[in-house]
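Please consult the sequence and the structure shown below alongside the text.

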Amino acid sequence: MFTKILVANRGEIAVRIIRACREMGIKTVAVYSEADKDSLHTLLADEAICIGPAPSDKSYLNMERIISATVAMKAEAIHPGFGFLSENARFAELCEKCSITFIGPSADLINKMGNKSEARKTMIEAGVPVVPGSKEPVYKVEEAKVMAEEIGYPVMIKASSGGGGKGMRISYGPDDFEANFLNAQMESVKGFSDDTMYLERYIEKPRHIEFQIMADKQGHVVHLGERDCSIQRRHQKVLEESPSIAISEELRKKMGETAVRAARAVGYENAGTIEFLLDKNKNFYFMEMNTRIQVEHPVTEMVTGMDLIKEQIRIAAGEPLSVTQDEVRIQGHAIECRINAENPSKHFMPCPGLITNVHTPGGNGIRVDSHIYCDYRVPPNYDSMLLKLIVHGKDRESAIAKMRSALGELVIEGIETNLDFQYEILNHEAFDQGDTDTHFIPTYFPQYGK
Ligand code: MV4
């Protein structure tokens with residue numbers, strides 16, 4: 001096992017990783033920017049090293065500085081968390097070259113799955129269902145239009161390097177195809193320096209269902225059930241739950257086996273997520289694979305009783321998975337609400353600043369993952385997520401009751417947050433009834449924008 005790990009991240013996930021390491025008896029090194037010298041991850045780690053000024057590209061994205069810090073502090077491994085360098089194949093490769101263990105999959109795998117049209121092709125070849133659409137990538141609008149006619153409108157135009165809705169457009173017919181294709185492609189060239197596009201049939205009001213998978217170096221692969229992440233606003237997840245109300249035991253088995261097949265097809269290692277779209281008729285289609293631990297991993301931890309960060313570390317150190325598929329039990333129901341420093345009445349504009357008071361709820365089945373504390377100043381340079389409130393109940397109804405109660409008790413003063421918005425979601429009849437597809441927010445909260 002490792003004796004020291006460098007945590008190449010900040011915020012709640014850095015804190016989460018430091019805590020897992022401490023429980024395992026592993027020393028931790030935090031890296032921090034000049035804006036984060038009083039951040040909780042900096043204070044909690046055994047050692048901390050400043051890696052540059054506040055802007056991410058000068059600190060948390062500065063690969064050379066982070067590698068240098070790892071060597072200087074004599075850490076054997078780097079946990080990248082999510083965001084920042086977590087899905088950067090060049091960084092994973094740099095770690096390999098410097099004989100540092102990158103806690104995650106290989107650079108090759110990150111590359112392969114980061115290229116969405118290549119991932120799609122790989123999955124088609126592995127017999128994993130994908131949304132009907134193009135098999136090969138497409139670059140020219142004339143060729144794309146011919147493909148669109150074959151697929152049938154409406155079609156979804158997607159950038160191969162995209163994700164999070166960037167470089168994505170819907171076309172409802174031949175009249176609007178050219179403009180949408182060219183706009184999506186332009187956005188992709190601007191954002192990712194890549195003009196590679198692909199097409200899919202547009203699935204109306206789908207659910208976003210993702211399966212957590214874990215794979216070790218010995219070739220064992222398990223899935224840990226699904227998360228329903230359909231409640232999103234402008235491609236930002238707001239609330240996640242496990243299990244999904246839309247999935248029967250039989251469908252879970254089928255989708256889970258498909259997720260495992262997808263992971264096996266690429267020789268996957270460490271934690272990963274297979275994203276599916278689930279349509280109204282319960283057809284499911286592979287959408288993307290994420291090669292990192294995700295923000296919403298705690299809902300999976302609550303229903304499986306596993307610690308995914310510890311599992312990641314053990315796998316990276318060469319240990320086999322701690323469970324077989326038969327030993328994985330999904331128990332009860334978990335919900336996570338993301339509490340962000342943002343103002344819902346001002347288009348969810350980020351609202352950094354000084355936190356003057358905090359009270360977090362506790363009790364049976366309630367978990368708070370956060371880096372905030374009273375008198376902490378939220379810097380303006382990074383993601384606005386402040387806290388993840390996670391609850392676990394015996395079923396969905398009791399989890400909802402617990403979340404309502406916990407949200408009601410949570411106090412964050414000094415800055416604007418989306419706490420009231422979360423409370424409104426939890427108290428909405430449509431949420432209660434599980435009418436929670438990807439159009440939930442635009443449908444039931446049109447005032448908060450599509
Ligand atoms: C789709 C889709 C419908 N049909 N693809 C949005 C983000 C990106 N990862 C993929 N997304 C979608 N892809 C086809 N062929 C609908 C969405 C989508 C969506 C997906 C998940 C969660 C929220 C969403 C909100 C709007 C659109």
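How many helices and strands are there in the chain? The chain, which is a predicted model, has 15 helices and 22 strands.

**Overall dimensions**

A compact globule of 450 residues would have a radius of gyration near 22 Å, and the value of 21 Å for the chain agrees with this. Along the principal axes, the C-alpha atoms fill a box of roughly 60 × 50 × 45 Å. Of the 450 residues, 57% count as buried. When contacts between residues at least 6 apart in sequence are considered, 65% of them join residues at least 24 apart. The accessible surface comes to about 18500 Å², and carbon and sulfur atoms account for 48% of that area. As for charge, the chain carries 52 positive and 65 negative charges, whose mean positions are 1 Å apart.

**Helix α3**

Helix α3 spans residues 63–72, and its buried residues are Met-63, Ile-66, Ile-67, Ala-69 and Thr-70. These residues lie on the same side of α3, because they cover an arc of only 160° around the axis. On the other side of the helix, Glu-64, Val-71 and Ala-72 are exposed. Just after α3, Lys-74 adopts a positive phi of about 60°.

**Strand β14**

Strand β14 comprises residues 333–340 and includes Asn-340; Glu-336 also lies in β14. The relative accessible areas of these two residues are listed here.

| Residue | Relative accessible area | State |
|---|---|---|
| Glu-336 | 0% | buried |
| Asn-340 | 12% | buried |

Both values fall under 20%, so Glu-336 and Asn-340 are classed as buried.

Which residues does Glu-336 touch, not counting residues up to four places away in sequence? Its contacts are Val-238, Leu-239, Glu-240, Val-295, Glu-296, Pro-298, Val-299, Lys-388, Leu-389, Ile-390 and Met-403. Glu-336 and Val-368 are 32 residues apart in sequence, with a C-alpha to C-alpha separation of 9.5 Å.

For Asn-340, once neighbours within four places in sequence are left aside, the contacts are Ser-384, Met-385, Leu-386, Glu-416, Thr-417 and Asn-418.

Note on methods:
Residues numbered from 1 in each chain as written. Predicted model: local features only at pLDDT ≥ 70, side-chain atom pairs only at ≥ 80, totals over all residues. Heavy atoms only, no water. Helix = DSSP H or I, 4+ residues; strand = E, 2+ residues; numbered from the N terminus. Rg over C-alpha atoms; globule rule 2.2 N^0.38 Å. Buried < 20%, exposed > 50% of the residue type's maximum accessible area, 1.4 Å probe, protein only. Contact = heavy atoms within 4.5 Å. Areas by Shrake-Rupley, 256 points an atom, 1.4 Å probe, with all protein chains shown as cover. Lys, Arg positive; Asp, Glu negative; His and termini not counted. Charge placed at Lys NZ, Arg CZ, Asp CG, Glu CD. Arc of directions from axis to C-beta.
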